[in-house]
Amino acid sequence: MDCAKKTKLVLLSCGSYNPVTNMHLRMFELAREHLQIKGHYEVVKGIISPVGDGYNEKGLIEASHRVEMAKLAVESSSWIEVDSWEGRQADWQETNKVLRHHWEELLSREQGTDVVGTVKAGRKRKRIDAVSISNKRKHGKMEVAHKGLMHKTDGPHLMLLCGADVLESFGVPGLWKNEDIEEIVGSYGLVCITRSSFDVDAFIQGSDLLWPHRHNIHVVREWVANDVSATHVRRALRRGHSVRYLLPDPVLSYIQERRLYTAESEQTNAGVVLAPLQKHAGNHG
Amino acid sequence: MGRIPLVLLACGSFNPITNQHMRLFELARDHMHHTGRFQVVGGIVSPVSDSYGKRGLAPAQHRVAMARLALHGSGWVTVDDWESRQPDWTETVVTLRHHLQKLLGQQPSAADLQMPHSSLEGSSEPPQLKLLCGADFLDTFRVPGLWRAEHVEELVGRFGLVCVSRGDLQADRAVHESDTLFRHRHNIFLVREWVRNETSATEIRRALRRGLSVKYLLPDAVIDYVREHQLYTWQSEQRNKDAVLRPLGQQGAPSEPLNDS
């Protein structure tokens, strides 16, 4: 019936994943269901992209471990996978750059094989010129044409999946560049899982930047509170408390075998400025 | 003076067992170790029998099987089906008495408890058995006709409670407001779970009825079992719909169904 009209969608989640927890994984499940029921999408893939070490977050352990744990966590998943590109970069990558990278990957795969798309042989697709995109960005202007990017192709859409805290962080001075936010919500789209305490609609309403793109921001209400965060997990591990059943068993074994997450590891990057703040510091007049 | 060997017993519907249930054991064990007085040597999940009459209760054989799948790799928590096999609903203290007797070796098959880390032999202290529960459990003492006064006395006096709750003060208040509980407050251990994690069996059944994902809320093996046996549908939730909860029927209370969600 409606199946032919469903747009294929890939969800990308960036974050520390320090470590991955059941909460992260639940986020994917909730998002997929919401989008498939309410948004007429067919979610074909979820991507976990752990941040690189250059992010300089306090307590951030090596990307290689975080990537490996995430892989262990999604072993039993039929649709979520882990991508290590961002984690392997020496410098911290802005979120919109990571989106761009994955979007270009998606496109080249589309054009190469029929793996993700449903386009029949012989039909032409619009070629997205990655160079022209970056040229537009160099001039510091977000062209309106860029906004229509996703919808012109027959291939899958790519959206950023995040918690409400990321959306809230758009308001933190110096953390995000306006044009980057514009690109994320304008060219890609946001799927935001909220805890009931945060009024996402009010936040979007109050933002001149987000309001024009409100149709690209999908809010998924998490009716049942689940505040189990990686911070909580790390704290428990430091104190020798059990975190079993808060994260997949293989991840827990990995942590225990290597004794990750100690009081010492929590001091990593202590006193160091977070990469986005450092990077954008020069941009303020 | 050596640590007291301690076994934690959790009674409940386990309909189905969830990660949240298993977390209770983990939190309780950490807490009791931390007091310096106890050595937790085992945990027991005791699913209630079908005659409890709770709405939407799946057959005991399934609930027991799922609990076993979930605790397969646990190493210290096991499932006991004695309570579920009794012909009628068993009062909590009766179940506790049964398990304490087993523990003290006064009945055969004490070895069934399978406690690989047991230090029963090494300790000079006799082992204790305490009831593991959530904060909601303490409030049930106030429901008219649900508990016999002498049972509450035996439960908190002779056995003791390990009660896991959120960072709110619900459990503290319940102890304060009951003279019996207050008198035995030294035998009621309140464990805080500071992060909210409200993914209960009720929520999970709701999600399953609606065909929504419950992955990462309970073990994959349990989810597979639920699917295979088609448990937890809209129909199954109608089971016992108009029945009186068994404890209320037994204690001779007015036969209005307990409005429990």
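In chain B, strand β5 (residues 161-166) and β6(B) run parallel and are joined by six bridges. Across this pairing, Cys163(B) stands opposite Leu190(B) in β6(B). Strands, like helices, are DSSP runs numbered from the N terminus, with at least two residues (E) for a strand and at least four (H or I) for a helix. Two strands count as paired if DSSP finds at least two bridges between them.

This is a predicted model, in which local features need pLDDT of at least 70 and side-chain atom pairs count only at pLDDT 80 or more, while totals for chains, interfaces and linings use all residues. Residues are numbered from 1 along each chain as its sequence is written, chains are lettered from A and ligands numbered from 1 in the order in which they are written, and side-chain values use heavy atoms, with hydrogens and water left out.

## Chain B

The β5-β6 pairing belongs to an open sheet of six strands in chain B, ordered β3-β2-β1-β4-β5-β6 and paired in parallel. At the edges stand β3 (77-79) and β6 (188-193) of chain B; each has a single partner strand, so one side of each is left without a neighbour in the sheet. On average, neighbouring strands of this sheet are turned by 25 degrees against each other, direction ignored. Such angles are taken between axes, lines fitted to C-alpha atoms (for helices over the stretch in contact), and run from 0 to 180 degrees between N-to-C directions.

Helix α7 (residues 170-177) of chain B lies across β5 and β6 of chain B and runs at about 160 degrees to β6(B). Chain B has 11 helices and six strands. Of its 261 residues, 51% are buried; buried means under 20% relative accessible area, exposed over 50%, and partly exposed in between (1.4 Å probe, protein chains only). Among contacts in chain B with a separation of 6 or more, 78% are between residues 24 or more positions apart. A contact here means heavy atoms within 4.5 Å. Chain B exposes about 12200 Å², of which carbon and sulfur atoms supply 48%; accessible areas come from the Shrake-Rupley method with a 1.4 Å probe, and for residues only the protein chains shown count as cover.

## Strands of chain A

Strand β1 (residues 7-15) of chain A pairs with strand β2 (residues 41-50) of chain A. Together with helix α1 (residues 22-38) of chain A, these two strands make a right-handed β-α-β unit. Right-handed means that, with the strands pointing away from the viewer, the path from the first strand over the helix to the second runs clockwise. β1(A) is also joined to strand β4 (residues 157-163) of chain A. The parallel pairings in chain A are listed below, each with one pair of facing residues.

| Strand pair | Bridges | Facing residues |
|---|---|---|
| β1(A) and β2(A) | nine | Cys14(A) and Ser49(A) |
| β1(A) and β4(A) | four | Leu11(A) and Met159(A) |
| β4(A) and β5(A) | four | Gly163(A) and Ile193(A) |
| β5(A) and β6(A) | six | Cys192(A) and Val219(A) |

Strand β5 (residues 190-195) of chain A is largely enclosed by the rest of the structure, because five of its six residues are buried. Its partner β6(A) spans residues 217-222.

## Cysteines

A search of the whole structure finds zero disulfides over all chains, a disulfide being a pair of cysteine sulfur atoms within 2.5 Å. Cys162(A) is in no disulfide, and the nearest cysteine sulfur, that of Cys192(A), is 4.6 Å away. Cys192(A) is likewise in no disulfide. Cys162(A) is buried at a relative accessible area of 4%, and Cys192(A) is buried at 0%.

## Two further residues of chain A

Ala73(A) is found in helix α2 (residues 63-73) of chain A and is buried, at 3% relative accessibility. Not counting residues up to four places away in sequence, Ala73(A) touches Val20(A), Leu25(A), Pro248(A), Val251(A) and Tyr216(B). Its C-alpha atom is separated by 16 Å from that of Leu12(A), 61 residues apart along the chain.

Ser265(A) lies in the loop between α12 (249-258) and α13 (275-281) of chain A. Ser265(A) is buried, with a relative accessible area of 13%. Leaving aside neighbours within four places in sequence, Ser265(A) is in contact with Gly59(A) and Ile61(A).
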